[in-house]
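Hi there,

Here is the structure I promised to pass on. Have a look at it first, and then read my notes below.

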Amino acid sequence: CGSQMTYENDSLKGEVHLLVASLTDPNAIVPNRHVFVDEQLAWFETADDYPRFAQTSYGGTMPVRHGPKE
């Protein structure tokens, strides 16, 4: 159908981002972090304690926080 399944970027060597809509069973994958939270919509927040990274978590980047905004 032409839908994008993955995302790769030369500045993120070694990372391949999978789009959840491309998975047969998205519930089979358990997330463990949130990336690119600097681009997150102001009105959207998930209620989990996973680490949040401003951009990518690649290369030892430290998270900006754990869990939702307070």
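Where does Phe-36 lie? Phe-36 is in the loop between β2 and β3, where strands (E, at least two residues) and helices (H or I, at least four) are DSSP runs numbered from the N terminus.

Before going on, some ground rules. This is a predicted model, in which local features need pLDDT of at least 70, side-chain atom pairs count only at pLDDT 80 or more, and totals for chains, interfaces and linings use all residues. Residues are numbered from 1 along each chain as its sequence is written, and side-chain values use heavy atoms, with hydrogens and water left out.

How confident is the predictor? The chain has a mean pLDDT (confidence in each residue, from 0 to 100) of 88, and 100% of its residues reach 70 or more. Confidence is lowest in strand β2 (residues 17-18), with a mean of 84, and highest in strand β3 (residues 51-52), at 96.

Back to Phe-36: its phi is near 60 degrees, a positive value in a residue other than glycine. Most residues other than glycine have a negative phi. Phe-36 counts as partly exposed, at 22% relative accessibility (buried is under 20% relative accessible area, exposed over 50%, partly exposed in between, with a 1.4 Å probe and protein chains only).

Phe-36 is also one of the residues in contact (heavy atoms within 4.5 Å) with Thr-56. Thr-56 sits in the loop between β3 and β4 (65-66) and is buried, with a relative accessible area of 12%. Its side chain makes a polar contact with the side chain of Glu-15 at 2.4 Å. A polar contact is a pair of N or O atoms within 3.5 Å; within protein, one must be able to donate a hydrogen and the other to accept it, and residues adjacent in sequence count only if both atoms are side-chain atoms.

Now find Arg-52 in strand β3. Is Arg-52 buried or exposed? Arg-52 is buried, with a relative accessible area of 1%. Its side chain reaches the backbone oxygen of Tyr-50 at 2.8 Å and that of Gly-67 at 3.2 Å. Not counting residues up to four places away in sequence, Arg-52 touches several others, including His-34, Val-37, Glu-45 and Pro-63.

Enjoy exploring!

Best wishes

Terms used:
pLDDT is the predictor's confidence in each residue, from 0 to 100.
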